[in-house]
Amino acid sequence: MAQDFDFANRLYYEYEYFKEKTITHRRFKHSGLLTIINKLKDKNIFHVKKAGESAEGRDIFLVSIGTGERKIFLWSQMHGDEPTATMAIFDIFNFFSDASKFSEFKKKLLENVTIYFMPMVNPDGTEIYERRNIFNIDLNRDAVRQQMPEARILRSEFENIKAEFGFNLHDQSTRYSAGNTFKSATISFLAPSTNSEKTVDTVRDKALKLTVALYKVLSNFIPGHIAKYSDDFEPRAFGDNFQKWGTSTILIESGGWKDDPEKQFIRKLNFIALLTSFKSISEKNYENQNLETYESIPNNEEFLMDLIIRNLKFKSKGLEFLIDIGINRNEVNINNGKSFYYESYVEDIGDLSVFFGYEDYNFSGMELHPGMTHDKIFNSLSDLEKINFEELYNQGFTAVKLKNDSLSKENSSLQYSSFPINLVSGESHSNEKIEIEGPADFLIKKDGKVKYVIINGFIHNVENLKGEIKNGLIIK
Ligand SMILES: [Zn+2]
């Protein structure tokens, strides 16, 4: 075990050397995969095979390395908007391509095991950054029925390989916490059940023990940020069935990490977790782990929001009371999933003392006011460029009016406000109430003066000009 820690530490400090530099954010496409696969074809240590084609004709690959008898199979991104582990697999390809570092380790490992990778099982969903495939089918509910080409490819390679260990690689909500804490569930593990009684046979026992080994190693880097996923049996899913069909299978879910929206740190954690797994499997280091430790890993819980502001005074209908507000920010795909904007909403109000925020402020003594819409109707977007937004915030405005036709005709592709303010079409009136699932546009006043403004769920300190409003919304 101590050896595994040292190994993981070295990987942590040498990671940048192996990182695949052509991939820098989550929304890379199948073309990015092709570039990397083509490079592998020139290197004789890899065996690259086209495993089949997606519904829209994109190639799905199986890459293997090693000559060992014991087999490990990894598959990633069967959900198109869950790319973190795919990025880590690219880094792992570089790890094996490199001839200068970890040579002894790699030589021994690849004599013991053969590793099979199927990165990007759902390339059509990836192309538009959606979970499901092009027929709107969740591939992870098609392990048994086998109606989708991508699901048939994954299962048929699984049956050819008959691996001893399997890694089912996904992303989960960034808002899961590790137990009832403020710590995000950055990585969650699961050794899936094979029936609703959740029995532990020898196959699952190995997966549980390897999970414990990984939990201990990763805890060095992200203490308290590791959770376990619900082990309720899902009879349609790949992980549960692969475990049932004899491959010791571990689910790894990449969650959230503060200030890492592109999940580049979590990508690094996947790199470490997977390579440490290979080592542990090859050397059978996992065998002495204790299943009670698995039970002690905190569950994924839903106690996290993106922003919580607490203890604000609020006046409504002649009553004054204290409230907390919890706000979440969702990504909305644009440009066919190549990019996104944020759309935020009020998740909850009232006493939120049992919840935690990635950003969490106690504004005791300050007052909450819904943001107002400025009366003047602006003619065009270029007019907005001349506005002093700070001045508007100070006057209590979180939205400006724009002539109807500049929102629709001239800019039919306009889907969000790239200004740090919301845009309201000329005739309509903005909603100046606080509502669950309503807009997250507020002013926070101290001693009668605006101190903070919240626009589309992003908080900005008016006095110190701090905090970035990523985008405003168009309110129609
Ligand atoms: Zn998933």
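1. Helices H2 and H3 cross with a left-handed sense in this predicted model. The axes of H2, which covers residues 30-41, and of H3 come within 11 Å and cross at roughly 15°. Because angles under 35 degrees count as roughly parallel, H2 is described as roughly parallel to H3.

2. As for the side of each helix that takes part, Leu33, Ile36 and Leu40 in H2 meet Phe90, Phe93 and Ser97 in H3. The residues of this contact between H2 and H3 divide into five nonpolar and one polar, with no charged residue among them.

3. Helix H3 itself spans residues 84-97, and its 14 residues reach 20 Å from the first C-alpha to the last, which is close to the 20 Å expected at 1.5 Å a residue. H3 is also mostly covered, with 12 of its 14 residues buried. Among the buried residues are Phe90 and Phe93, together with others such as Asp91, Thr84 and Met87; Phe90 and Phe93 are also among the residues that H2 meets.

4. A separate point concerns Thr398, which lies in strand E17, residues 397-402. Is Thr398 buried or exposed? Thr398 has 3% relative accessibility and therefore counts as buried, the cut-off for that term being under 20%. Leaving aside residues up to four places away in sequence, Thr398 touches Gly371, Met372, Ile421, Asn422, Asp441, Phe442, Leu443, Val453, Ile454 and Ile455.

Note on methods. Residues numbered from 1 in each chain as written. Predicted model: local features only at pLDDT ≥ 70, side-chain atom pairs only at ≥ 80, totals over all residues. Heavy atoms only, no water. Helix = DSSP H or I, 4+ residues; strand = E, 2+ residues; numbered from the N terminus. Expected span 1.5 Å × (residues − 1). Buried < 20%, exposed > 50% of the residue type's maximum accessible area, 1.4 Å probe, protein only. Axes fitted to C-alpha atoms, helices over the stretch in contact; angles between N-to-C directions. Parallel < 35°, antiparallel > 145°, perpendicular 65-115°, else oblique. Left-handed = near helix turned anticlockwise from the far one by under 90°. Contact = heavy atoms within 4.5 Å. Nonpolar A, V, L, I, M, F, W, Y, C, P; charged D, E, K, R; others polar.
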